[in-house]
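Look at the model below and follow the strands first, then turn to the ligand. The paragraphs after it take these two topics in that order.

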Amino acid sequence: MKQLTLPSGRTIPVLGQGTWYMGEDPGARAGEVAALRLGLELGMTLVDTAEMYGEGGAEEVVGEAIAGRRDEVFLVSKVYPHNADRAGVRAACERSLRRLKTDRLDLYLLHWRGGVPLAETLDAFARLRDEGKILDFGVSNFDLDDMQEAAALPHGDSIAADQVLYNLARRGIEWDLLPWCRQQGIPVMAYSPLESNAADQAPLLGRPQLHTVAGRHGVTPAQVAVAWLLRQDGVVTIPKAVQPAHVRANRAALDLAPRLTEDDMATPDAGFPPPKRRRPLEMR
Ligand code: NAP
């Protein structure tokens, strides 16, 4: 699996597995664990979760899926903004570690910006890193002004990633946030690469330009959408899939990405124009 280098010098795989909406329905649990395990077997060893997902339920699903193979996994979790003060970060992290049945996270993110001063959260993250409970830390849903503010604070130069909404239908970050992150050497983790759910997916996956490219390669529009993200410099993406066919399709997008020609990469622009001015960061 291709990797990007984090500011710490550690590396992160470019394609991983999301877990939003996992851990909510006990009847779905076995299928969720199996999907994540299939993804690991196929080499998608980055797993993205959060204390928010299923209020801890998703972390428990991940803990079961990675049991016995923790060392091959790049594990990401996120702290709620309301837990992001000095004592809260520590307590939240320890709860997450227990649910995940591990002693460390590879990357711990502030899920979105809340009322706690950023300096306090960064300081709390740095302490956890010094203790080995987290190996890197970063943020999520931070627009450029938030990133610049955070970067200027103590420990701000350790911010390892910004996880944001980015897909063909949401290209606003290409105007300023993505170029800035590239210049700083901070990977962007593109979430909701397929727009999260069936209702929102239609405008993305239904566009004729995606079908054109998919038809050229004998793949699905969803695979083109994921592969297109994988071709963006400095970008990691984390599609969530429970259906085994979707897990396999997403892994195959990794092999599709280098096969996309310049024309394939440009074809979607007609349906999903790149930004022509600054737009505020969109979020889920
Ligand atoms: P997503 O990955 O864009 O889309 C998930 C949906 O797409 C599911 O319904 C899934 O179906 C379907 N799908 C997956 N692979 C497919 C394929 N190859 N073809 C067709 N459909 C496919 O949405 P997301 O879950 O919102 O985003 C991904 C991850 O990003 C999340 O799970 C979470 O880890 C993270 N995230 C972070 C934030 C944040 O604020 N930091 C916000 C949103 C998401 P099945 O599950 O039925 O297979």
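This is a predicted model: local features need pLDDT of at least 70, side-chain atom pairs count only at pLDDT 80 or more; totals for chains, interfaces and linings use all residues.

Two strands count as paired if DSSP finds at least two bridges between them. Strand β7, residues 137-140, and strand β8, residues 159-165, are joined by three bridges and pair in the parallel sense. Within this pairing, Val139 has Asp162 of β8 as its bridge partner.

An open sheet is formed by eight strands, in the order β3-β4-β5-β6-β7-β8-β9-β10, and the pairing is parallel. At the edges are β3 (16-17) and β10 (235-237), each of which pairs on one side only.

Now turn to the ligand. Around the ligand are 27 residues, and the closest are Asp48, Ser192, Leu194, Ser196 and His246. Sorted by class, this shell has 11 nonpolar, 12 polar and four charged residues. Helix α10, which spans residues 244-256, gives the most to the shell, with three residues.

Which polar side-chain atom lies 3.0 Å from a nitrogen atom of the ligand? That atom belongs to Gln163. Two of the closest residues, Asp48 and Ser192, also have side-chain contacts to describe. In the side chain of Asp48, an N or O atom is 2.6 Å from an oxygen atom of the ligand. For the side chain of Ser192, the distance from an N or O atom to an oxygen atom of the ligand is 2.8 Å. The ligand taken alone exposes 900 Å², and the protein buries 91% of that.

Note on methods
Residues are numbered from 1 along each chain as its sequence is written. Side-chain values use heavy atoms; hydrogens and water are left out. A residue is near a molecule or strand if one of its heavy atoms lies within 4 Å of it. A polar contact is a pair of N or O atoms within 3.5 Å; within protein, one must be able to donate a hydrogen and the other to accept it, and residues adjacent in sequence count only if both atoms are side-chain atoms. Accessible areas come from the Shrake-Rupley method with a 1.4 Å probe; for residues, only the protein chains shown count as cover. Helices (H or I, at least four residues) and strands (E, at least two) are DSSP runs, numbered from the N terminus. Ala, Val, Leu, Ile, Met, Phe, Trp, Tyr, Cys and Pro count as nonpolar, Asp, Glu, Lys and Arg as charged, and the others, Gly among them, as polar.
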